[in-house]
Every structure is written in structure tokens, then in C-alpha cells.
Amino acid sequence: MTLSPYAPIIGLLAIAAAFALFSVAAARFVGPRRLNKAKLEAYECGIEPSPQPVGGGRFPIKFYLTAMLFIVFDIEIIFLYPWAVSFDALPIFGFVEMVLFIVAVFVAYAYVWRRGGLDWD
């Protein structure tokens with residue numbers, strides 16, 4: 001019987017999941033439990049939390065723009081890895097397609113940059 005080529009990946013995922021579950025369970029039993037008012041409040045990077053109106057307040061759009069930019073560049077990297085791995089097997093068509101993809105992402109980046117989406121005033 002031959003070992004499936006996916007067996008090491010499945011084994012690694014199983015070990016990672018078991019470690020994560022064990023760590024969360026062990027922390028509940030082993031970790032200290034010294035709760036006080038300061039630990040139960042929201043943490044805002046060392047800044048004193050400002051009171052929010054009931055039902056929540058307005059959230060700055062800059063956070064959403066940054067998240068969308070991160071997703072765009074994250075997807076670009078996801079597409080670049082398989083292309084780089086199979087670069088020698090692709091004809092010139094693969095190279096041209098990747099250049100067009102990078103140009104499209106760069107145009108989106110330039111647009112956001114020109115519109116001030118990267119300024120944190």
C-alpha cells in the first residue's frame with residue numbers, strides 16, 4: 001500500500017489542530033485568573049478608551065480602506081506563489097498574464113494613493 005501524497009499535509013494539519021486545541025484547553029486550567037476592572041475593559045493601544053454611545057458609534061472609513069488594501073495585496077501574493085513555482089513550465093503567455101495582473105494591481109494602488117487612502121491625518 002502506497003502512502004498518499006497528501007498524507008503528510010493531513011498529518012501536519014492534524015498535529016497543528018491538536019496543538020491549538022491543547023493550548024487553549026491547558027491555558028484555561030493552568031493560567032492565572034486575576035480579573036479586575038482594567039482587564040475587562042477594551043484595549044485601545046494604550047490610549048484611554050473613549051466612551052461610546054449606546055448602540056455603537058461611527059467607525060472611521062480609513063480602517064475599511066486599509067483592510068481592503070490588505071486584501072488586494074494579499075490576493076496578489078496568493079496568485080504570485082503558484083506562478084513563481086511553475087514559472088519554468090509556463091510559456092510566454094503565463095509571463096504576459098502575470099505582468100498584466102501586476103499592472104492592474106499597481107493601477108489600483110496608484111488610484112488609492114492619489115485619492116489619499118494611505119494618509120492617516
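Entry on burial. I looked up how much of the protein chain is buried, and of its 121 residues 7% count as such, where buried means under 20% relative accessible area, exposed means over 50%, and partly exposed lies in between (1.4 Å probe, protein chains only). The protein chain exposes about 11200 Å², and carbon and sulfur atoms supply 73% of that area; I note that the areas come from the Shrake-Rupley method with a 1.4 Å probe and that, for residues, only the protein chains shown count as cover.

Entry on provenance. This is a predicted model, in which I take local features at pLDDT of at least 70 and side-chain atom pairs only at pLDDT 80 or more, while totals for chains, interfaces and linings use all residues. Residues are numbered from 1 along each chain as its sequence is written, and side-chain values use heavy atoms, with hydrogens and water left out.

Entry on secondary structure. I found four helices and zero strands in the protein chain, and from the N terminus on the elements run α-α-α-α; helices (H or I, at least four residues) and strands (E, at least two) are DSSP runs, numbered from the N terminus.

Entry on α4. I then checked the span of α4, which has 23 residues and reaches 33 Å from its first C-alpha to its last, close to the 33 Å expected at 1.5 Å a residue, the expected span being 1.5 Å times one less than the number of residues. The buried residues of α4 are G94, M98 and V105, and what covers them includes α3, with contact taken as heavy atoms within 4.5 Å. After α4 comes G116, whose phi is positive, near 85°.

Entry on aromatic pairs. How many aromatic pairs does the structure hold? I count four, using the rule that rings of Phe, Tyr and Trp (its six-membered ring) pair if their centres lie within 6.5 Å, with planes under 30 degrees apart counted as stacked, over 60 as edge-to-face and the rest as tilted. F79 and F101 form an edge-to-face pair, at 5.5 Å centre to centre and 85° between the planes. This pair links distant parts of the chain, since F79 sits in helix α3 (residues 61-85) and F101 in helix α4 (residues 92-114), 22 residues apart. F79 is partly exposed at a relative accessible area of 47%, and F101 also counts as partly exposed, at 25%.

W83 and F87 form an edge-to-face pair as well, at 5.2 Å centre to centre and 70° between the planes, and F87 is partly exposed with a relative accessible area of 42%. I close with F73, Y109 and W113, which form one aromatic cluster.
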